[in-house]
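Hi there,

Here is the structure I promised to pass on. Please open it alongside this note, and my notes on what turned up follow below.

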Amino acid sequence: MPILQIDSNLSKSNVPKDFRVKTCELMADIFKSPINFCVVHMNMEQDMYWYGLVSPCILGTLKIIDSSGIISPKQNIGHAEILVKHISDNLKIPNNNISISFVEQDAENVTIFNTTVSNFLQNKNSILQ
């Protein structure tokens, strides 16, 4: 269940209409997650300043539930390259103006379908009926 939050001082009008869908598709592929569990949360037009930059910037947080995708220091290098390139290419922001934090969350500490993700994964057949 990858959840990408993007905070930026970029204008909402500069975000392509299909950016969220394309980003969810990319995350589903990268993290081998069902696409309906991928989330993109965008906070645009934020009052942000990255020292020394005069152009728009992005601070991102990618949250991954430990059972839905794999993040590790070694893998994060590849994930960062793919995600930053995607964001840079689609939002027209230089890649050195983008920072993403990778956060692994315990499945017991996140909810979905009125239960924890851990419980859902163990009992999904009975929960979805």
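Phe 113 counts as partly exposed because its relative accessibility is 40%; the classes are buried under 20% relative accessible area, exposed over 50% and partly exposed in between, with a 1.4 Å probe and protein chains only. Glu 45 is another non-glycine residue with a positive phi, of about 60°. Glu 45 belongs to the loop between S2 and S3 and, at 48% relative accessibility, is partly exposed.

A word on the ground rules. This is a predicted model, so local features need pLDDT of at least 70 and side-chain atom pairs count only at pLDDT 80 or more, while totals for chains, interfaces and linings use all residues. Residues are numbered from 1 along each chain as its sequence is written, and side-chain values use heavy atoms, with hydrogens and water left out.

Now the overall layout. The protein has three helices and six strands, where helices (H or I, at least four residues) and strands (E, at least two) are DSSP runs numbered from the N terminus. Read from the N terminus, the order of elements is β-α-β-β-α-β-β-β-α. The C-alpha atoms fill a box of roughly 50 × 30 × 25 Å along the principal axes. Of the 129 residues, 40% count as buried.

What lies in the interior? The largest nonpolar core has 25 residues; such a core is a set of buried Ala, Val, Leu, Ile, Met, Phe, Trp, Tyr and Cys residues joined through side-chain atoms within 4.5 Å. Met 27, Leu 62, Ile 87 and Leu 91 touch the most other members. At least two core residues come from each of strand S1 (3-8), helix H1 (19-31), strand S2 (39-43), S3, H2 and strand S4 (98-105). H1 gives the most, with six residues. In soluble globular proteins, nonpolar side chains tend to be buried together.

On to the charges. A search of the whole structure finds three salt bridges, each being a side-chain nitrogen of Lys or Arg within 4 Å of a carboxyl oxygen of Asp or Glu.

- Lys 85 pairs with Asp 89, with the closest N and O atoms 2.6 Å apart. The two are four residues apart in helix H2, so about one helical turn separates them. Asp 89 is partly exposed at 37% relative accessibility.
- Asp 18 pairs with Lys 22, and here the closest N and O atoms are 3.3 Å apart. Asp 18 is partly exposed at 35%, and Lys 22 is partly exposed at 37%.
- Asp 29 meets Lys 32 at 4.0 Å, N to O. Asp 29 is partly exposed at 49%, whereas Lys 32 is exposed at 65%.

Finally, which residues form the negative surface patch? They are Asp 66, Glu 104, Asp 106 and Glu 108. For a patch, residues need over 30% relative accessible area and no salt bridge, with like charges joined within 9 Å and nonpolar side chains (Val, Leu, Ile, Met, Phe, Trp, Tyr) within 5 Å. Asp 66 lies in the loop between strand S3 (58-65) and helix H2 (73-91) and is partly exposed, at 34%.

Terms used
Accessible areas come from the Shrake-Rupley method with a 1.4 Å probe; for residues, only the protein chains shown count as cover. Lys and Arg count as positive and Asp and Glu as negative; His and the chain ends are not counted. The place of a charge is taken as NZ of Lys, CZ of Arg, CG of Asp or CD of Glu.
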